[in-house]
Amino acid sequence: MTERAPAPAAPRPSLPARVLGTRSERLAESQPSRAGRITAYVVLFVLGALVSVCGSFVQTLWTPVGLLLSLAATGAVFYGGLRVTGTKLGAGAAVAGWFLALMVLMVPRPEGDNVLWPTIASYAYLFVGSVLGVICATLPTRSSGFLGVPGPRR
């Protein structure tokens with residue numbers, strides 16, 4: 001009686017591939033409807049602004065854990081916008097809301113109050129959040145149109 005050697009096991013996917021899905025799985029997802037995408041863009045813009053406001057206070061309140069928490073939330077909103085809409089514009093809408101809210105928060109008030117003080121944590125929040133936005137807005141999408149938005153059907 002001869003024993004057969006066990007067949008080699010399939011390679012186990014990496015942790016990011018298990019969490020986020022493989023590239024082929026992400027590109028095979030169906031595209032949401034036009035009305036669904038437009039609604040998602042508006043919601044993502046508002047959500048980006050809310051995460052910006054909350055992150056501005058959290059990163060100052062609980063340094064350094066608050067900085068990591070606010071950056072994780074920021075990256076999650078940006079990447080979620082990309083995945084929900086399937087377009088680069090989905091991440092861009094969240095980035096635009098995030099950045100616009102930060103611009104408002106950086107203006108000093110007449111009373112002398114600031115939300116974002118010139119500290120290392122605030123600069124790190126601005127810089128790393130911007131880098132996360134650029135990374136998420138340049139990831140591959142499910143469609144090949146301009147900014148990943150599908151064109152009209154022909």
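## Tryptophan 98 and its contacts

Leaving out residues up to four places away in sequence, tryptophan 98 touches Gly48, Ala49, Ser52, Thr74, Phe78, Tyr125, Leu126, Gly129 and Ser130. Tryptophan 98 lies in helix H5. Its relative accessible area is 1%, so tryptophan 98 counts as buried, the cut-off being under 20%. Along the chain, tryptophan 98 and threonine 74 are 24 residues apart, and their C-alpha atoms are separated by 8.2 Å.

The model described here is predicted.

## The chain as a whole

The secondary structure consists of six helices and zero strands. Read along the sequence, the pattern is α-α-α-α-α-α. The chain has 154 residues, and 31% of them are buried.

Among contacts with a separation of 6 or more, 78% join residues 24 or more positions apart. The chain exposes about 10,100 Å², and carbon and sulfur atoms supply 71% of that area.

## Helix H5

Helix H5 covers residues 88–106. Its 19 residues should span 27 Å at 1.5 Å a residue, and the end C-alpha atoms are 27 Å apart, which agrees. The buried residues of H5 are Gly90, Ala91, Ala93, Ala94, Gly97, Trp98, Ala101, Leu102 and Leu105. They cover an arc of only 160 degrees around the axis, and therefore sit on the same side of H5.

An α-helix has 3.6 residues a turn, so residues three or four places apart point the same way. What covers the buried residues of H5? The cover includes helix H3 (34–61), helix H4 (65–85) and helix H6 (120–137).

## Helix H4 and the loop before it

The loop between H3 and H4 contains proline 64. A cis peptide bond joins threonine 63 to proline 64, with omega at about -5 degrees. After H4 comes glycine 86, whose phi is positive, near 75 degrees.

H4 itself has 21 residues and reaches 30 Å from its first C-alpha to its last, close to the 30 Å expected at 1.5 Å a residue. Its buried residues are Gly66, Leu67, Ser70, Leu71, Thr74, Gly75, Val77, Phe78, Tyr79, Gly81, Leu82 and Thr85. Among the buried residues of H4 is leucine 71, with a relative accessible area of 12%. Not counting residues up to four places away in sequence, leucine 71 touches Tyr125, Val128, Gly129 and Leu132. Leucine 71 and glycine 129 are 58 residues apart in sequence, yet 6.3 Å apart in space, C-alpha to C-alpha.

## Helix H6

The 18 residues of H6 should span 26 Å at 1.5 Å a residue; the end C-alpha atoms are 25 Å apart, which agrees. Buried in H6 are Ala121, Ser122, Tyr125, Leu126, Gly129, Gly133 and Cys136. Seen down the axis, these buried residues fall within an arc of 140 degrees, so they line one face of the helix. On the other side of H6, Ile120, Phe127 and Val134 are exposed. The buried residues of H6 pack against H3, H4 and H5.

Glycine 129 has its place in helix H6. Is glycine 129 buried or exposed? At 0% relative accessibility, glycine 129 counts as buried. Apart from neighbours within four places in sequence, glycine 129 is in contact with Leu71, Thr74, Phe78, Trp98 and Ala124. Glycine 129 and phenylalanine 99 are 30 residues apart along the chain, and their C-alpha atoms are separated by 9.1 Å.

Which residues make the nonpolar surface patch of about 520 Å²? The patch is made by Val42, Phe45, Val46, Leu47, Leu50 and Leu100. H3 gives the largest share, five residues.

One of the patch residues is Val46, which is found in helix H3. At 44% relative accessibility, valine 46 counts as partly exposed.

Key: Residues numbered from 1 in each chain as written. Predicted model: local features only at pLDDT ≥ 70, side-chain atom pairs only at ≥ 80, totals over all residues. Heavy atoms only, no water. Helix = DSSP H or I, 4+ residues; strand = E, 2+ residues; numbered from the N terminus. Expected span 1.5 Å × (residues − 1). Buried < 20%, exposed > 50% of the residue type's maximum accessible area, 1.4 Å probe, protein only. Arc of directions from axis to C-beta. Contact = heavy atoms within 4.5 Å. Patch = residues over 30% accessible without salt bridge, like charges linked within 9 Å, V, L, I, M, F, W, Y side chains within 5 Å. Areas by Shrake-Rupley, 256 points an atom, 1.4 Å probe, with all protein chains shown as cover. Salt bridge = Lys/Arg side-chain N within 4 Å of Asp/Glu carboxyl O.
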